[in-house]
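Thanks for coming. I have one structure to go through today, so please have the sequence and the 3D view open.

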Amino acid sequence: MAIQEIKDVERGETLNRVEDLGNPLLKKVVEQDDQEESETNESYFTVLFSTFVAVCGSFEFGSCVGYSAPTQSSIRQDLNLSLAEFSMFGSILTIGAMLGAVMSGHISDSTGRKGAMRTSACFCITGWLAVFFSKSALLLDVGRFFTGYGIGVFSYVVPVYIAEISPKNLRGALTTLNQLMIVIGSSVSFLIGSLISWKILALTGLAPCIVLLFGLCFIPESPRWLAKAGREKEFRVALQKLRGRDTDIANEAEEIQASIQALDILPKARIQDLVSKKYGRSVIIGVSLMVFQQFVGINGIGFYASETFVKAGLSSGKLGTIAIACVQVPITVLGTVLIDKCGRRPLIMISSGGIFLGCILTGTSFFLKGQSLLLEWVPFLAVGGVLIYIAAFSIGMGPVPWVIMSEIFPINVKGIAGSLVVLVNWSGAWAVSYTFNFLMSWSSPGTFYMYSAFAVMTIIFVAKMVPETKGKTLEEIQASIRRET
């Protein structure tokens, strides 16, 4: 008889698989191992599929943000828009997103995380159809505003939903997929927008919304939201589905319910509660990270990268823009892998250090150009600095603040606190994108040196204030923050 050898895990001895499977005890052990592996695969599949459905909203986010860049000349020509009218079309997305951000917490608390995603998708679909059928600036702006409102809600509810359904060992990586899909969505919109008309590009924006609406029919609601809503039976069914059919969920369910019950005895959260000692530290962390994320200048540098390269001396900004697209996606993937291995704090501090270096190099390139020194080095410094900046931002400062935002707030204040944090983020995005060209006219080197200063402040703030949340349940994270207050 041929002998197939396996190792006894406990004793380190070689066993004969054919003979030893005749042993009933060993048969039982093997069957248990196979069953556990099957349960793990089943639970991971449900979590991963639910995450895939949710990040369709992130892809839609990126598609909306990236839509205006490749369509500017064709929309202006077809609809006879002035530069001011097209600028309104571009910026009104941010205004809609601010309103969506303000209402995102209330919508997700009252209708559930799935209800909020469904509402957001409907607004985006309405907006894209308005853009497609527009024959004047008015309907174009209305459509852009609606898509902005939709992604304002998506920007809050997607990372929150993913954080609430994920096991703690996968939560960081899965939540980071939110940022990855935003990057992919904007890159795809930019690339295909150069090949098809702006009306057809608007119709492509419907695809992720349709996939999301269809997928929502098959994924569970957030167990933590169901527990908070008092839907006990649905809570256990959803948690069981996410963790595997035969997995013992008793301990996790008890921990979630104990946390909810402790919060239920508290009065309903009000906006003034966010400045109280109980929640103040979490709010400071969430708001400050979003301020730093925006004021290192990402929207100014990202939106006007092509013009920045031209000002630095390149004959065309297209090559640099393509290089940015090539850098963003793989680096964001790397960040997704590292976030649950390295932790949130190290990743965001390393990222801020890279942003500082990128800003210094780019600012120096403009300084040298202004002084007519080493002119042959100016384009290389500018492109290298911007690419280092984009790579550093993509690996940490882009995704990690959203991950931390989804983790640090207790569920009773998550709606109102999350809305505040997302509103701050969108307000910062508007402020940076609006002022970037004015600042560059004032002083191109000074603009990038100012952004580098914010990168340094980010490192100091994270070192002093931000807790490490890797490998902890949401309840453990929030208890830890309360103890340190």
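How many disulfides does the structure hold? The count is zero. Bear in mind throughout that this is a predicted model. Cys359 is at 0% relative accessibility, so it counts as buried, which requires under 20%.

Now the overall picture. The chain has 485 residues, and 52% of them count as buried. It has 21 helices and two strands. Take the contacts between residues at least 6 apart in sequence: 80% of these join residues at least 24 apart.

Beyond four places away in sequence, Thr46 touches Pro220, Lys241 and Leu242.

Next, the core. Which residues have the most contacts inside the largest nonpolar core? They are Tyr67, Ile75, Met117, Ile355 and Trp426, in a core of 101 residues. Helix 4, residues 83-133, gives this core its largest share, with 14 residues. Apart from this core lies another, made up of ten residues, including Trp225, Ala227, Phe235 and Ile260. As background, in soluble globular proteins nonpolar side chains tend to be buried together.

Let me stay with Tyr67 for a moment. Leaving out neighbours within four places in sequence, its contacts include Ile75, Phe89, Trp128 and Val131. Arg144 and Ser189 are also in contact with Tyr67, as are Trp198, Leu201 and Ala202.

On to the aromatic rings. A pair of rings is described by the distance of the centres and the angle of the planes. There are 13 aromatic pairs here. In one of them, Phe132 and Phe133 are edge-to-face, with 4.9 Å from centre to centre and 85° between the planes. Phe133 is exposed, at a relative accessible area of 53%. Phe132 has something else at its ring: the charged end of Lys199 sits over it, 5.4 Å from the centre.

Another pair is Phe448 with Tyr451, again edge-to-face, at 6.3 Å centre to centre and 80° between the planes. Why are these two about one helical turn apart? Because they are three residues apart in helix 20, residues 444-465. Both count as buried: Phe448 is at 1% relative accessibility, and Tyr451 is at 2%. Elsewhere on the list, Phe123, Phe145, Phe146 and Tyr149 form one aromatic cluster.

Last stop, Ser351. Is this residue buried or exposed? Ser351 is buried, with a relative accessibility of 1%. It lies in helix 16, residues 344-370. What does its side chain reach? The side chain of Ser351 reaches the backbone oxygen of Ala392, at 2.5 Å.

Methods
Residues numbered from 1 in each chain as written. Predicted model: local features only at pLDDT ≥ 70, side-chain atom pairs only at ≥ 80, totals over all residues. Heavy atoms only, no water. Core = buried A, V, L, I, M, F, W, Y, C linked by side-chain atoms within 4.5 Å. Buried < 20%, exposed > 50% of the residue type's maximum accessible area, 1.4 Å probe, protein only. Helix = DSSP H or I, 4+ residues; strand = E, 2+ residues; numbered from the N terminus. Contact = heavy atoms within 4.5 Å. Phe/Tyr/Trp six-rings, centres within 6.5 Å; stacked < 30°, edge-to-face > 60°. Lys NZ or Arg CZ within 6 Å of the ring centre and 35° of its normal. Polar contact = N/O pair within 3.5 Å; in protein donor to acceptor, adjacent residues only side chain to side chain. Disulfide = S-S within 2.5 Å.
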